[in-house]
Amino acid sequence: QVQLAESGGGLVQAGGSLRLSCTASGSASSGSVMSWYRQAPGKERELVAIITNSGYTNYADSVRGRFTISRDNAKNTVYLQMDSLKPEDTATYYCKYMRFGTYWGQGTQVTVSS
């Protein structure tokens, strides 16, 4: 089993920045694919950014150029640096871990005020 602990959400004004963290524990290893998803009220959960164990990254078009995903394999931690935040980025953000199974974090709320 893998447990995921997310942190870093909060309330920020438009144009501001936040940094989300997600640490995997339990049976976690560095060979995983980790990603961030988000879900706004009334909408489906959507992929925000993904990073492989080798560092390949990809982003949703809506966040490319504003968000940066990174990881520290030694700490089994993935980060999401969010800059130039917009009100439409408001959502619950979830960390996802994939290796020998799929695991989700509990979610962290990000609210961007206009």
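**Close-up 1. Ser 32 and its contacts.** Leaving aside neighbours within four places in sequence, Ser 32 is in contact (heavy atoms within 4.5 Å) with Ile 51, Thr 52, Asn 53, Arg 71, Tyr 97, Met 98 and Arg 99. You'll find Ser 32 in the loop between strand 3 and strand 4; strands (E, at least two residues) are DSSP runs, numbered from the N terminus. Ser 32 has a relative accessible area of 1%, so it is buried. Here buried means under 20% relative accessible area, exposed over 50%, and partly exposed in between, with a 1.4 Å probe and protein chains only. A word on the model behind all these views: it is predicted, local features need pLDDT of at least 70, side-chain atom pairs count only at pLDDT 80 or more, and totals for chains, interfaces and linings use all residues. Residues are numbered from 1 along each chain as its sequence is written, and side-chain values use heavy atoms, with hydrogens and water left out.

**Close-up 2. Asn 76, in another loop.** Asn 76 belongs to the loop between strand 7 and strand 8. Its relative accessibility is 19%, so Asn 76 still counts as buried. Not counting residues up to four places away in sequence, Asn 76 touches Cys 22, Thr 23, Ala 24, Ala 28, Ser 29 and Ser 30.

**Close-up 3. The disulfide between Cys 22 and Cys 95.** A search of the whole structure turns up one disulfide, a term for a pair of cysteine sulfur atoms within 2.5 Å. It joins Cys 22 to Cys 95, with 2.1 Å from S to S. Cys 22 sits in strand 3 and Cys 95 in strand 9, so the pair ties together parts 73 residues apart in sequence. The angle about the S-S bond is -80°, and the link of Cys 22 and Cys 95 is left-handed. Cys 22 is buried at 0% relative accessible area, and Cys 95 counts as buried at 0% too.

**Close-up 4. The largest nonpolar core.** This core has 30 residues, and those with the most contacts inside it are Leu 4, Met 34, Trp 36, Leu 80, Met 82 and Tyr 93. A nonpolar core is a set of buried Ala, Val, Leu, Ile, Met, Phe, Trp, Tyr and Cys residues joined through side-chain atoms within 4.5 Å. Among the strands that each supply at least two residues of this core are strand 1 (2–7), strand 4 (33–39), strand 8 (77–82) and strand 9 (91–98). Zoom in on Leu 4: setting aside neighbours within four places in sequence, its contacts include Cys 22, Met 34, Cys 95, Tyr 103 and Trp 104.

Close-up 5. Met 82 is in strand 8 and is buried, with a relative accessible area of 0%. Not counting residues up to four places away in sequence, Met 82 touches Gly 16, Ser 17, Leu 18, Leu 20, Arg 66, Phe 67, Tyr 93 and Val 110. For scale, the C-alpha atoms of Met 82 and Thr 108 are separated by 14 Å, and these two residues are 26 residues apart along the chain.

**Close-up 6. Tyr 37 meets Trp 104.** The whole structure holds two aromatic pairs. Rings of Phe, Tyr and Trp (its six-membered ring) pair if their centres lie within 6.5 Å, and planes under 30 degrees apart count as stacked, over 60 as edge-to-face and the rest as tilted. In this pair, the ring centres of Tyr 37 and Trp 104 are 5.0 Å apart and the planes are at 70°, so the arrangement is edge-to-face. The pair links distant parts of the chain, with Tyr 37 in strand 4 and Trp 104 in strand 10 (residues 102–104), 67 residues apart. Tyr 37 counts as buried at 17% relative accessibility, while Trp 104 is partly exposed at 35%.

**Close-up 7. Arginines over tyrosine rings.** Arg 19 lies over the face of Tyr 79, 4.0 Å from the ring centre. The charged end of Arg 45 sits over the ring of Tyr 94, 3.7 Å from its centre. A charge sits over a ring if NZ of Lys or CZ of Arg is within 6 Å of the ring centre and within 35 degrees of the ring normal.

**Close-up 8. Salt bridges at Arg 38.** The structure has four salt bridges, each a side-chain nitrogen of Lys or Arg within 4 Å of a carboxyl oxygen of Asp or Glu. Arg 38 meets Glu 46 in one of them (2.7 Å, N to O), and forms another with Asp 89, where the closest N and O atoms are 2.9 Å apart. Arg 38 is in strand 4 and Asp 89 in the loop between strand 8 and strand 9, 51 residues apart. Both Arg 38 and Asp 89 are buried, whereas Glu 46 is partly exposed at 34%.

Definitions and conventions. Helices (H or I, at least four residues) and strands (E, at least two) are DSSP runs, numbered from the N terminus.
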